[in-house]
Amino acid sequence: MAVLDRENPLPDPSGPVLSEAEARAVRRGVPDPGIPLARASAPTVVLFLASLVLWVFATWLVLGTETSAWLTIPLHAVVTFTMFTVLHEATHHAAGRWTWVNEVLGRLSLPFVASYVSFGAIRYIHIEHHRNTNEDIGTDPDAWTSHGPWWQLPYRWLTIDAWYVRFYVPRMPRRPRGESWETVVMVTLSLAGACAAIATGHLWELAVIYLIPQRIGLAVLAWWFDWLPHHGLPETAAQNRFRATRMRVGMEWLLTPVMLYQNYHLVHHLHPAIPFYRYVQAWRRNQEAYLDRDVPILTAWGRELTASEYRAWRRLTDSFPSEPSARPEFHRLTVSEVRPLTADSVSISFDVPAELRADFRFRPGQHLTLRRFVNGAELRRTYSICASASSDLLRIAVKRIGEFSGYLTEQVRAGDVLEVLPPAGRFTLEPLPGNAKHYVGIAAGSGITPIISMLSTALAVEEESRFTLLYGNRTSTSTMFRDELEMLARQFEGRLRIIHFHTGERTEFRPGSHFEERVDGRITTERLAELLGGALSPTKVDAWYLCGPQALIEDTRALLDEHGVASGTVHFELFRTESGQSTVEGAVAATITATIGGKLATADGTGQESVLESLLRAGVDAPYACMGGACGTCRAKVVRGTGEMELNYALSDDEVAAGYVLTCQTRPTSDRFDVDYDA
């Protein structure tokens, strides 16, 4: 993995390689829950010991007292259920990173669940269920619990282990020899124990301590672990792993501990190697990514919830954070990685604490605002988030332009702490599962940063959609995210087409797939006009996303307008605007009043500075980022007075008509000027 060296902060990036976190984020599949596994899972070990103590206690009640079997049988049945959780963890290597921990706990817990089988056989049967979830009864062994008429279901739950035997025996000759011999030994010992109990007149004790409780426990397990999360779902794991298992929500104060977190069984099937007590944490970290895939959700009483209904239900029923506060605050985030992209750019990834993950959820295309103080002066800059919104990665890319970006590219290292505002911005693409659209992104240089988030998210969420990217750079080696774009082109082969425009010297170009092309020269209106007459005909494109230099944006918008492209389908963002002298005539000194976070603040304007500059000079903590009229962070509504905007690259015509302005670009033309940032 490429790293930055303090003596040579920008090493040769001729062959940048994605970090493992970045690679996971762009690979198709489930989002990474980001939950590490201990060498030995303490809660699993404690559960085993507690179950063992309960079994000893219940057995003593049977053998040493005259306690009624109506009490002891439920206690032993509970042991079967809880010991199965230990066994289940071990089968998935979730009882700890140490293999021997899983092997030992699996074999120690197995006799309390099913003494007549080997640990290896149970592991094989259960993994077959995960591989073939919801397939036919001969392929998914757990399908036994839900096939057949309703009146057969209790019988099927009571005989799940008998079906396992029927499933395993024909496959036994193909299993490893050690597993087969261990199975034979376990069967032999179980039969010998049963015979000894009968011969010594202790069959009743065997039945009360083991046979009856175990049958009850297995039936409950078959109902809770198999029937409840899987019955009635038509999709198989091979077809759609997000739709092959369901969640059950509501009454979680009771269901979660009683079911040992299996009301979050969907999380287990998506992340089988994380411990059972981390299911809720994994769900909360990636809730939006799961909901975007329309996962099956039922309430505790069996009512089906859509993703939107679930979101509304969560806001009403518990404290899951949903929307960031109206007045976002800076948070101190630790840098997890700094990776060189080109000779003058890096990507910066952040660790987001669990309690802030809801605040830092983002829509593809949004940006982060970073802040630092230099000699007492506050500096802010915005940087687009360049990761899939369905991943667990929060990452920006920075090109060395100016003092702030120079600091980030040359001095920031993993472990440093930066002040960051939660995501903001309205240059976004919001994909919906089931859409079948064609998107086009046109970017130059660092303009790729919001676009790569858009395309990676849209193609992952909308499995029938396509994305065409026109990306301009000087050379292949100066192309930001070159390696990642190659990876995405391979991953979404047939749905992602990339056309690279190179203006520098001719260099060898090795595309990652045959859906990458190279064109010499700039992205010009002439070249775009040719494309608009062919594959990018306006009738074949649903939305356009433009990000780059001001001239590229303006020329492209004009060309699209000439070709009849509806303005509502063209979205754009500039990172830098061309500066110049103020063009506002009639600007006057004014008393400025601003409503920010429900509080009033005032400042005296000179007439030579913008409304935002006047407020900042007066010590008012007004929201802002780019200061160039591009990001929209300083948007506010005029409630009194008049003013004129010098530049506007962020507000729509409807917003301007409704009285909104960019305060970084507005100068008062009346002696009283009141704005509301909260509107």
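User: What makes Met83, Val86, Leu87, Glu89 and Ala90 in H3 and Asn102, Leu105, Gly106 and Ser109 in H4 a contact?

Analyst: Contact means heavy atoms within 4.5 Å, and these residues of H3 meet those of H4 on that criterion. They divide into 5 nonpolar, 3 polar and 1 charged, where Ala, Val, Leu, Ile, Met, Phe, Trp, Tyr, Cys and Pro count as nonpolar, Asp, Glu, Lys and Arg as charged, and the others, Gly among them, as polar. The model is predicted, with local features requiring pLDDT of at least 70 and side-chain atom pairs pLDDT 80 or more, whereas totals for chains, interfaces and linings use all residues. Residues are numbered from 1 along each chain as its sequence is written, and side-chain values use heavy atoms, without hydrogens and water.

User: Why are the buried residues of H4 said to line one face of the helix?

Analyst: Val101, Asn102, Leu105, Gly106 and Ser109 are the buried residues of H4 (under 20% relative accessible area, with exposed over 50% and partly exposed in between, using a 1.4 Å probe and protein chains only). Seen down the axis of H4, they fall within an arc of 120°, so they line one face. Their cover includes helix H2 (42-64), H3, helix H5 (111-114) and helix H6 (119-131).

User: Why are H8 and H10 called roughly perpendicular?

Analyst: The axes of helix H8 (residues 160-168) and helix H10 (residues 203-230) cross at roughly 75° and come within 9 Å. Angles of 65 to 115 degrees count as roughly perpendicular, under 35 as roughly parallel, over 145 as roughly antiparallel and the rest as oblique; H8 and H10 are therefore roughly perpendicular.

Conventions: Helices (H or I, at least four residues) and strands (E, at least two) are DSSP runs, numbered from the N terminus. The arc is that of the directions from the helix axis to the C-beta atoms. Axes are lines fitted to C-alpha atoms, for helices over the stretch in contact, and angles run from 0 to 180 degrees between N-to-C directions.
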